[in-house]
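This briefing collects computed features of one protein chain, grouped by topic for readers who wish to follow them in the structure. Please keep the sequence and the coordinates at hand while reading.

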Amino acid sequence: ARIAVMERPGEALSDFSDSLLKGEFAAGITLCTVTQLDISSTRIRNDLQQGTDIQFLVPYAVRQYIAEKSLYQS
């Protein structure tokens with residue numbers, strides 16, 4: 001198996017992650033450079049509870065499921 005590693009915005013790789021990228025398993029690990037978006041499940045729940053639109057944070061099917069199940073309502 002190969003492992004893809006992506007950093008979260010504002011967070012550095014942990015010492016453990018850094019050691020893996022330099023250790024014997026490094027060939028099986030790929031550090032991916034991506035446009036970092038500050039999106040987390042906590043943010044999505046908070047936005048929904050405050051009535052903030054999450055249109056650009058999650059796919060349509062996810063928004064639809066959340067609405068159908070009345071999830072994360074205050």
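In this predicted model, Asp47 counts as buried because its relative accessible area is 12%, which is under the 20% limit for that class. Asp47 is found in helix 2, and, with residues up to four places away in sequence left out, its contacts are Thr52, Ile54 and Leu57.

**Helix 2 and Leu48**

- Leu48 also belongs to helix 2, which covers residues 41-49.
- With a relative accessibility of 23%, Leu48 counts as partly exposed, because the buried class ends under 20% and the exposed class begins over 50%.
- When residues up to four places away in sequence are not counted, Leu48 touches Ile54, Ile66 and Tyr72.
- Leu48 and Gln73 are separated by 25 residues in sequence, yet their C-alpha atoms lie 6.8 Å apart in space.

**Nonpolar core**

- The largest nonpolar core of the model consists of five residues, namely Ile44, Ile54, Leu57, Val58 and Ile66.
- In soluble globular proteins, nonpolar side chains tend to be buried together.
- Val58, one of the core residues, is in contact with Ile44 and Arg63 once its neighbours within four places in sequence are set aside.
- Two members of the core, Ile54 and Leu57, are among the residues that Asp47 touches, while Ile54 and Ile66 are among those touched by Leu48.

**Fold and overall dimensions**

- The protein chain contains three helices and two strands, and from the N terminus on these elements follow the order β-α-β-α-α.
- The radius of gyration of the protein chain is 17 Å, whereas a compact globule of 74 residues would have a value near 11 Å.
- Taken along the principal axes, the box filled by the C-alpha atoms of the protein chain is roughly 45 × 25 × 20 Å.
- Among the contacts in the protein chain with a separation of 6 or more, 52% are accounted for by residues 24 or more positions apart.

**Surface and charge**

- Of the 74 residues in the protein chain, 11% count as buried.
- The protein chain exposes about 6000 Å², and carbon and sulfur atoms supply 52% of this area.
- There are 7 positive and 9 negative side chains in the protein chain, with the centres of the two sets lying 6 Å apart.

Methods:
Residues are numbered from 1 along each chain as its sequence is written. This is a predicted model: local features need pLDDT of at least 70, side-chain atom pairs count only at pLDDT 80 or more; totals for chains, interfaces and linings use all residues. Side-chain values use heavy atoms; hydrogens and water are left out. A nonpolar core is a set of buried Ala, Val, Leu, Ile, Met, Phe, Trp, Tyr and Cys residues joined through side-chain atoms within 4.5 Å. Buried means under 20% relative accessible area, exposed over 50%, partly exposed in between (1.4 Å probe, protein chains only). Contact means heavy atoms within 4.5 Å. Helices (H or I, at least four residues) and strands (E, at least two) are DSSP runs, numbered from the N terminus. The radius of gyration is taken over C-alpha atoms; the globule rule is 2.2 Å times the number of residues to the power 0.38. Accessible areas come from the Shrake-Rupley method with a 1.4 Å probe; for residues, only the protein chains shown count as cover. Lys and Arg count as positive and Asp and Glu as negative; His and the chain ends are not counted. The place of a charge is taken as NZ of Lys, CZ of Arg, CG of Asp or CD of Glu.
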